[in-house]
Amino acid sequence: MSDDRLIVALDVPNVVHGLDLVQRIGDAASFYKIGLGMLTGGGLALANELKGELGKRVFLDLKLFDIGATIEAAARGIARYDLDFLTVHGDPQVVRAACEGKAGTDLKILAVTVLTSLDRADLDANLIKPGDIHDITLERAARALEAGADGVIASPQEAAMIRALPQARGRLIVTPGVRPAGAALGDQKRIATPHQAVADGADHIVVGRPIWQADDPAAAARAVIAELPAR
Ligand code: C5P
């Protein structure tokens with residue numbers, strides 16, 4: 001079994017490409033993230049197949065946000081698929097509703113704090129209170145965890161400060177924006193290496209393009225895992 005601290009983001013358009021990639025990666029990775037980009041391309045069916053047929057772990061990255069009753073129903077429905085992680089926005093009422101919906105199952109609810117694509121000007125446009133974006137991220141993480149989230153999504157730059165929160169004890173930190181030494185950054189700006197992200201407190205790292213765009217995705221996944229600190 002491969003090291004499940006690595007989650008490979010399957011950011012390909014459909015189930016056919018997704019399955020092909022998973023087969024090429026083989027036993028070099030055991031945890032996959034399926035997001036909104038593949039939802040209309042059979043993403044849920046692929047999630048089911050990865051989990052049920054291929055024995056992989058699955059992170060469904062849907063970043064849900066809605067009224068409590070709808071979030072609760074969505075989380076309850078997704079929990080029936082026996083997947084591993086589901087993302088919702090970190091607003092406490094959303095987190096509470098998602099936790100209600102998945103109660104009694106093994107599905108973990110991960111909260112998104114502040115999207116890393118947003119800067120202070122975007123927060124102003126969204127009428128989010130004044131203040132440093134890192135402080136707001138930290139405060140949202142604390143509130144989401146207090147509301148019952150099993151963990152948070154954080155940029156590697158925020159992992160250490162979130163790990164230091166008393167509310168984060170025993171909870172998960174999952175970090176995208178991870179680049180192996182020497183890999184292309186793509187549109188990621190605030191990045192860290194796999195080793196640094198885990199050393200700073202991440203339980204799982206999410207890596208997409210450096211693996212799925214590689215000529216040999218299995219070798220790329222193994223190289224990322226080789227960079228992780230010893231367990
Ligand atoms: O290709 P790359 O390694 O940049 O992919 C990272 C994955 O993590 C993508 O699926 C992206 O949507 C997701 N993600 C991210 N930054 C966030 C939240 C999610 O890069 N803050």
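Leu-19 belongs to helix α1, which spans residues 15–25; helices here are DSSP runs of H or I with at least four residues, strands are runs of E with at least two, and both are numbered from the N terminus. The model is a predicted one, in which local features need pLDDT of at least 70 and side-chain atom pairs count only at pLDDT 80 or more, while totals for chains, interfaces and linings use all residues. Residues are numbered from 1 along each chain as its sequence is written, and side-chain values use heavy atoms, with hydrogens and water left out.

With a relative accessibility of 18%, Leu-19 counts as buried, where buried means under 20% relative accessible area, exposed means over 50%, and partly exposed lies in between (1.4 Å probe, protein chains only). Apart from neighbours within four places in sequence, Leu-19 is in contact with Leu-46, Glu-49 and Leu-54; contact means heavy atoms within 4.5 Å. The C-alpha atom of Leu-19 is separated by 8.4 Å from that of Leu-50, a residue 31 positions away along the chain.

Leu-19 is one of the buried residues of α1, together with Gly-18, Leu-21, Val-22 and Ile-25. Viewed down the axis of α1, these buried residues fall within an arc of 160 degrees and so line one face of the helix; the arc is that of the directions from the helix axis to the C-beta atoms. The exposed residues Val-16 and Gln-23 are carried on the face of α1 turned away from the buried side. The cover over the buried residues of α1 includes strands β1 (6–9) and β2 as well as helices α2 (43–52), α9 (209–212) and α10 (217–226). At the N-terminal end, α1 is capped by Asn-14, of which a side-chain oxygen lies 3.1 Å from the backbone nitrogen of Val-16. Just after α1, Gly-26 takes a positive phi of about 55 degrees.

In α2, the buried residues are Gly-43, Leu-46, Ala-47 and Leu-50. Seen down the axis of α2, they fall within an arc of 105 degrees, so these residues line one face of the helix. Ala-45 and Gly-52 are exposed residues on the face of α2 turned away from its buried side. The buried residues of α2 are covered by elements that include α1, β2 and β3.

Lys-33 lies in strand β2 (residues 31–35) and is buried, with a relative accessible area of 11%. Beyond its neighbours within four places in sequence, the contacts of Lys-33 include Ile-7, Val-8, Ala-9, Leu-10 and Asp-11, and also Phe-59, Asp-61 and Val-206. The side chains of Lys-33 and Asp-61 are joined by a polar contact of 2.7 Å. A polar contact is a pair of N or O atoms within 3.5 Å; within protein, one must be able to donate a hydrogen and the other to accept it, and residues adjacent in sequence count only if both atoms are side-chain atoms.

Asp-61 also forms a side-chain polar contact of 2.9 Å with Lys-63. Lys-63 is found in strand β3 (residues 57–64) and is partly exposed, at 31% relative accessible area. In UniProt, an unreviewed entry places the feature "active site" at Lys-63; UniProt positions follow the numbering used here, feature names are shortened, and annotations may be inferred rather than shown by experiment. Neighbours within four places in sequence aside, Lys-63 is in contact with Thr-87, Val-88, His-89, Val-112 and Leu-115. Phi of Lys-63 is near 45 degrees, a positive value in a residue other than glycine. Most residues other than glycine have a negative phi. Asp-82 likewise has a positive phi, near 60 degrees; Asp-82 lies in the loop between α3 (68–79) and β4 (85–89) and is partly exposed, with a relative accessible area of 45%.

The ligand is surrounded by 13 residues, the closest being Asp-11, Thr-116, Gln-188, Gly-208 and Arg-209; a residue is counted if one of its heavy atoms lies within 4 Å of the ligand. A side-chain N or O atom of Asp-11 is 2.7 Å from an oxygen atom of the ligand. For Lys-33, the distance from a side-chain N or O atom to a ligand oxygen is 2.9 Å. Arg-209 places a backbone N or O atom 2.7 Å from an oxygen atom of the ligand. Of the 460 Å² of accessible area that the ligand has on its own, the protein covers 82% (Shrake-Rupley method, 1.4 Å probe; for residues, only the protein chains shown count as cover).
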